[in-house]
Amino acid sequence: MPEPDAPRDALWLGVALACVVSSPAAAYAAQRSDGWTEALLFALQLVVTGMAFLIPQGLAIAAKRRERSSEQRELDARTDTRATINDALDPVLRILGEISAERSKPAREQLIAQAIPFVLTAASNLIGSERSRACWFELTDGDPPSLVPRLAAGRSGSPTTTFTPGDPAGEAAIAMVLRGENLLCPDIDTDPPPGWDTTKPRDYKTFISISVATADTAYGMLTLDALEAGALTNDDLHMLGLMASALAAALAQRT
């Protein structure tokens, strides 16, 4: 894609080229003239020679300034991103510290309950496109277990699907969580996950599912969905995985 200043730079280079061509022509005409005409042509030669030299120099300086400006914009964007990440993760990290330090089990349970919406809010604000939605599905203690929707943050609307044994989609989701696996579905219409009910209307087109688990215990599933197909990427999957790890660290404090 051409730079916004490319047409203007090309115009100035064309002027510089015309000056290069005009300089010897003005010198030749001055040699064949006299009086004021010779002086004017000589002055013209000086002007076009100077412009032929100065225009490329000026364009080079302007290009360097644009490069520095671009680098500054990139630096500002990185700073803004770091600030956004810090603002989103700070409440999560703080409450994890409070959970670890709390000795009272009831108080610790209360802090753990607060950690879940903090994680969901951070995920929906930090990851994916605008109006994404993060959801928490808890793995029940049943035999066999189910995945029950508990909380959501971000775009309006809450998850209503309970993933149960015996249902193809439920079996696939529960098996994914028990195995500690993750899933990115870029487009639910063209590439639905195993057991997906394509007849059920949904208000999103792409989603990520992350297992929330420690080394020996599965707690549930963290999901993030977005309105447009392809709006979520592998980078978003990795970031949501960090959120899931923070949530698993909080839930592990229950024992």
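## Starting at Arg254

Arg254 sits in the segment after helix 5. Helices (H or I, at least four residues) and strands (E, at least two) are DSSP runs, numbered from the N terminus. Although Arg254 and Glu109 are 145 residues apart along the chain, their C-alpha atoms are separated by 6.6 Å.

Is Arg254 buried, partly exposed or exposed? Arg254 has a relative accessible area of 31%, so it is partly exposed. For these words, buried means under 20% relative accessible area, exposed means over 50%, and partly exposed is in between (1.4 Å probe, protein chains only).

A quick word on what you're looking at: this is a predicted model, where local features need pLDDT of at least 70 and side-chain atom pairs count only at pLDDT 80 or more, while totals for chains, interfaces and linings use all residues. Residues are numbered from 1 along each chain as its sequence is written, and side-chain values use heavy atoms, with hydrogens and water left out.

Five of them make an open sheet in the order 2-1-5-4-3, with antiparallel pairing; two strands pair if DSSP finds at least two bridges between them. Strand 2 (147-154) and strand 3 (182-185) are at the edges with a single partner strand each, so one side of each has no neighbour in the sheet. On average, neighbouring strands of this sheet are turned by 15° against each other, direction ignored.

Strand 5 (residues 218-226) pairs with strand 1 (residues 133-139) in the antiparallel sense over six bridges. Strand 5 also runs antiparallel to strand 4, joined to it by eight bridges, and these two form a hairpin with four residues between them. Which residue in strand 5 is the bridge partner of Ala134? That is Leu224, and Leu224 is also the bridge partner of Ile208. Elsewhere in strand 5, Asp225 has Arg133 standing opposite. Eight of the nine residues in strand 5 are buried.

## Helices on the sheet and on each other

Helix 3 (residues 105-126) lies across strand 1, strand 2 and strand 5, at about 55° to strand 2. Such angles run from 0 to 180 degrees between N-to-C directions, and axes are lines fitted to C-alpha atoms, for helices over the stretch in contact. Helix 4 (residues 168-178) packs on the sheet too, and its direction makes about 120° with that of strand 5.

Helix 3 also meets helix 5: their axes come within 10 Å and cross at roughly 175°. That makes the two helices roughly antiparallel, a label for angles over 145 degrees. The residues of this contact divide into 13 nonpolar, no polar and no charged. Nonpolar covers Ala, Val, Leu, Ile, Met, Phe, Trp, Tyr, Cys and Pro; Asp, Glu, Lys and Arg count as charged, and the others, Gly among them, as polar.

## The cores

A nonpolar core is a set of buried Ala, Val, Leu, Ile, Met, Phe, Trp, Tyr and Cys residues joined through side-chain atoms within 4.5 Å. The largest one has 34 residues, and Trp136, Val212, Leu222, Leu240, Met243 and Leu251 have the most contacts inside it. Among the elements giving two or more residues to this core are helix 2 (35-101) and helix 5 (234-251). Apart from it lies another core of ten residues, including Phe163 and Met221.

Methods
Contact = heavy atoms within 4.5 Å. Parallel < 35°, antiparallel > 145°, perpendicular 65-115°, else oblique.
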